[in-house]
Amino acid sequence: MGKEVTGNRTNFHSHSLFCDGKAPLEEFVKSAVEAGFTAYGVSSHAPLPFKTSWNMEQSEVPAYLREADRLKEAYRGRIALYTGLEIDYLNEAWNPASDYFRQLPLDYRIGSVHLVYTPEGEVVDTDTGAENFRKLTDSHFGGSLEAVVGAYFDASLRLVERGGFDFIGHPNKIAFNAETYRPGVTRELWYKAHVGRLFEALKENRIMVEVNTKSYLTRGCFFPDESLFGCLKELELPVVVNSDAHRSELVNAGRQEALQALKKNGIRSVMELEAGRWVAKEIS
Ligand SMILES: [Zn+2]
Ligand SMILES: [Zn+2]
């Protein structure tokens, strides 16, 4: 099978064995080279102040940075590699604007929300299976979808207001679980108001928006979903298209579909790192 010659062969959101990815970092780089990528960014889940099954521990960060540096050298001339982190907004003390993250020698940073606080002050993960999401909404938020969605968007808004990162990872990812909990909810006015406020804040704070294709093959949607691409266009928000690959064979999964969907919605370029700077590249 020959390589398909299309442009925009880049990805700046990916995982590996340093966090919850399923292969060593180098396997992802090899896959990207094989797929004809010009640039590839690694972005392990950044440390949190407690253990989870999916984030990297602070003690592992030096080894992560060293391995990313080694690969940059080893693959020089074949692919441009960039070192990033996907940093959670946890609270006002732990987020991409924290000193710890600001002083790390990174090429770029992703800001994401996965976790929210329950009314009792417990941390729960909204980026979970639909069944788990139903359980946590019922047991921790008294069955109030408004409360859990509100907590998610409040955290997203604070993430954006605090800054310290280049693009927001998978905005409105809670939509899938919320829709499963109550079909049609994302078309309700209060829900749309949350999304609208977040997009306005992204514009105001000059933060790029990821179109995340991780779930395209399995769930048939992007984050944010295609229904919001018109808003991205209207607000002229710069877009980065990423596969958020956790498996090395999926480095390009869903990306072409997202690029074509963006084009269909009137968005003609996407942001890519080139020689260390974010530049707008026409969608080919
Ligand atoms: Zn994420
Ligand atoms: Zn991710």
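Trainee: At what angle do helix α5 and α6 pack, and how far apart are their axes?

Mentor: Before that, please keep in mind that this is a predicted model, in which local features need pLDDT of at least 70, side-chain atom pairs count only at pLDDT 80 or more, and totals for chains, interfaces and linings use all residues. Residues are numbered from 1 along each chain as its sequence is written, chains are lettered from A and ligands numbered from 1 in the order in which they are written, and side-chain values use heavy atoms, with hydrogens and water left out. Now to your question: helix α5 (residues 145–162) and α6 pack at an angle of about 175 degrees, and their axes are 11 Å apart. That makes α5 roughly antiparallel to α6.

Trainee: How are the helices, the axes and those angle words defined?

Mentor: Helices (H or I, at least four residues) and strands (E, at least two) are DSSP runs, numbered from the N terminus. Axes are lines fitted to C-alpha atoms, for helices over the stretch in contact, and angles run from 0 to 180 degrees between N-to-C directions. Angles under 35 degrees count as roughly parallel, over 145 as roughly antiparallel, 65 to 115 as roughly perpendicular and the rest as oblique.

Trainee: Which residues of α5 and α6 meet?

Mentor: From α5 there are L145, V148, V149, Y152 and F153, and they meet I174, A178 and Y181 in α6, where contact means heavy atoms within 4.5 Å. The residues of this contact of α5 with α6 divide into eight nonpolar, no polar and no charged. For those classes, Ala, Val, Leu, Ile, Met, Phe, Trp, Tyr, Cys and Pro count as nonpolar, Asp, Glu, Lys and Arg as charged, and the others, Gly among them, as polar.

Trainee: And how do α4 and α6 cross?

Mentor: The axes of helix α4 (residues 130–140) and helix α6 (residues 174–181) come within 9 Å and cross at roughly 75 degrees, and α4 and α6 are therefore roughly perpendicular to each other. On the α4 side A130, F133, R134, T137 and D138 take part, meeting I174, N177, A178, T180 and Y181 in α6. By class, the contact of α4 with α6 has five nonpolar, three polar and two charged residues.

Trainee: Switching to the metals, what are the protein donors of the zinc ion (ligand 2)?

Mentor: They are H13 (NE2), H15 (NE2), E86 (OE) and D244 (OD), lying 2.0 to 2.4 Å from the zinc ion (ligand 2). Donors here are N, O and S atoms within 2.8 Å of the metal (3.2 Å for Na, K and Ca), and water is not among the atoms, so sites may look incomplete. Along the chain, these donors follow the spacing H-x1-H-x70-E-x157-D.

Trainee: Which residues coordinate the zinc ion (ligand 1)?

Mentor: The zinc ion (ligand 1) is coordinated by E86 (OE), H114 (NE2) and H170 (NE2), at 2.1 to 2.2 Å. E86 lies in strand β3 (residues 80–88) and H170 in the loop between β7 (167–168) and α6, so the pair ties together parts that are 84 residues apart in sequence. E86 also bridges the zinc ion (ligand 1) and the zinc ion (ligand 2), which lie 3.4 Å apart.

Trainee: Is H170 buried or exposed?

Mentor: H170 counts as buried because its relative accessibility is 1%, with buried meaning under 20% relative accessible area, exposed over 50%, and partly exposed in between (1.4 Å probe, protein chains only). Phi of H170 is near 30 degrees, a positive value in a residue other than glycine. Leaving out residues up to four places away in sequence, H170 touches several others, including H13, E86, H114, Y152 and D244. H170 and D244 are 74 residues apart in sequence, yet 9.1 Å apart in space, C-alpha to C-alpha.

Trainee: What about N8, what is its phi?

Mentor: N8 has a positive phi of about 55 degrees although it is not a glycine, and N8 is found in the segment before β1 (10–11). At 7% relative accessibility, N8 counts as buried.

Trainee: One last thing, which residues does a cis peptide bond join?

Mentor: A cis peptide bond joins F223 and P224, with omega about 0 degrees, and P224 lies in the loop between α8 (216–219) and α9 (229–234).
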